[in-house]
Amino acid sequence: MAKYLLLKHYRGAPAAVNDVPMDQWTPEEISAHMQYMHDFAARLEGTGEFVDGQALAPEGTFVRYDGEGRPPVTDGPFAETKDLIAGWMVIDVDSYERAVELAGELSAAPGAGGKPIHEWLELRPFLTAPPTIRE
Amino acid sequence: MDEALLRSLTPRVLGILVRRGADFAAAEDAVQDALVEAVRVWPADPPRDPKGWLVTVAWRKFLDTTRADAARRRREDLVEEEPAPGPTPAVDDTLQLYFLCAHPSLTPSSAVALTLRAVGGLTTRQIAQAYLVPEATMAQRISRAKRTVSGVRFDQPGDVATVLRVLYLVFNEGYSGDVDLAAEAIRLTRQLAATIDHPEVAGLLALMLLHHARRATRTAPDGSLVPLAEQDRSRWDTRSIAEGVEILQAALARDRLGEFQAQAAIAALHADAPTAGETDWVQIVEWYDELARLTDSPIVRLNRAVAVGEADGPRAGLAALAALDDALPRHTAVAAYLHERDGDLATAARLYAEAARRAPNLPERDHLTRQAARLNARRGR
């Protein structure tokens, strides 16, 4: 029983094997990709392992506190930011091995030419609640 | 309304339906429906015979569902309204439900969810909240678990060890939502102990009671962890400790030692010490030796190294630690602690910081970061 975050990067991950930008796919290939993602999430709901999945807009704003009585300062978006998150899925699984297995399946989503993208997904464990029995 | 009573009746009512010939999955749904109905009706109109009421309502709901299904399939399965009493069960129904819900074909998380619902009488929503997953996900996990065990014969004897592992997980892992999982684990283990005479069931119950007794002192008001040595022992629950010790002593007297009895014995030695300094670490090391023989778990050997460090000094503890794989969870934290006791504050501070980065949960990470900061501040002076 452990939760993992599967992070999909726009930038920052190593290059995928089938590394063709989505705007150069055919519309059918895009549909097939979307269907794969949808089916994957639905299947995880069926196995009782799905927690959450969200996609993020590529452009964000940096915000920071600027002192008492002043509005927060905003900056960006920065075109040069090295790491850019595209979206995530949260899963609740019995083992690390199962999390790796599922991440591998998600990375097999079809892309250009209908072939798997082999995209690198980042797998991060959630910090848990502390166990009751420690010594 | 007495919700504890209501939920304690769950396994017996479910057992009766299954004995009458209902399949487990449908019977379980029917019992849940009956529990919901009871919560609605009982406050204004409490039944004289709560169990009889639940059986009647659950059986009616089972028949309604079965008839609706049958109609949909255009079949004419006739179900007897008043079934003949089945053969006298050889094994207690409640016990059979524990076995079924902890069946080895289930994954740990499925077994936990099914146990909490079918034996504990919790709703899917409550279980979902306790494990921080969406209700739909938990519903699927439970119905999948029911399908997995649907072919298992109800009167087949099971393995107590698998049940104990599930109950241990309920006690030890999970989040505090509406449901107090630790208290629920104790209730379910107590109920199991009343059903089957087994020293390891008693051992687990004692272990839970002894740890539960310290619960109020384990975290500070700000949520930070308080290590055992710094806990306010005057606030430990002496009734819970006394009960745990009594149950443990009766179990140990039967001379069939198992890992839960050994763990409980260690917890009892901690509970017995009026101050941390008076802890009988020599005996604790001996119990860890027993435990290592019983389980061969690297975590046990890690905890043993801590105990050796207390009994024979930090150098001895570090020597015991050196024999273990440093990739073990909490290995670095233990090394940091032993180096601090040995007076090597620079190494201890560095290891505490490293342990914090590898901590599997937030309170432990914060605790280790504070330890590193405390030593760094002292060295900076």
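## Domain layout of chain B

The C-alpha centres of domain 1 and domain 3 of chain B are separated by 52 Å. Chain B is divided into domain 1 (3–72), domain 2 (92–169) and domain 3 (291–381), with bounds that come from an automatic or database domain assignment.

This is a predicted model, in which local features need pLDDT of at least 70, side-chain atom pairs count only at pLDDT 80 or more, and totals for chains, interfaces and linings use all residues. Residues are numbered from 1 along each chain as its sequence is written, and chains are lettered from A and ligands numbered from 1 in the order in which they are written.

## Annotated spans

In an unreviewed entry, UniProt lists "domain: YCII-related" at residues 17–107 of chain A. That span is 36% helix and 24% strand, and its end C-alpha atoms are 10 Å apart. Helices (H or I, at least four residues) and strands (E, at least two) are DSSP runs, numbered from the N terminus.

For chain B, the UniProt feature "domain: RNA polymerase sigma factor 70 region 4 type", also from an unreviewed entry, is placed at residues 98–148. Residues 98–148 of chain B are 73% helix and 0% strand, with end C-alpha atoms 15 Å apart. UniProt annotations may be inferred rather than shown by experiment.

## Contact between the chains

Chain B places 28 residues in contact with 17 residues of chain A, a contact being two residues whose C-beta atoms, placed from the backbone, lie within 7 Å. On the chain B side, the elements giving two or more residues are α6 (108–119), α8 (135–148), α9 (160–172) and α20 (362–380). Of these, α8(B) gives the most, with six residues.

The chain B side comprises 14 nonpolar, nine polar and five charged residues. Here Ala, Val, Leu, Ile, Met, Phe, Trp, Tyr, Cys and Pro count as nonpolar, Asp, Glu, Lys and Arg as charged, and the others, Gly among them, as polar.

## Helix packing in chain B

Helices α2 (residues 10–19) and α4 (residues 50–72) of chain B have axes that come within 10 Å and cross at roughly 45°. This makes α2(B) oblique to α4(B), the class left after roughly parallel (under 35 degrees), roughly antiparallel (over 145) and roughly perpendicular (65 to 115). Axes are lines fitted to C-alpha atoms, for helices over the stretch in contact, and angles run from 0 to 180 degrees between N-to-C directions. The contact includes Ile16(B) and Leu17(B) of α2(B), and Trp59(B) and Phe62(B) of α4(B). Its residues divide into eight nonpolar, no polar and two charged.

Helices α18 (residues 331–341) and α19 (residues 345–358) of chain B pack at about 160°, with axes 8 Å apart. α18(B) is therefore roughly antiparallel to α19(B).
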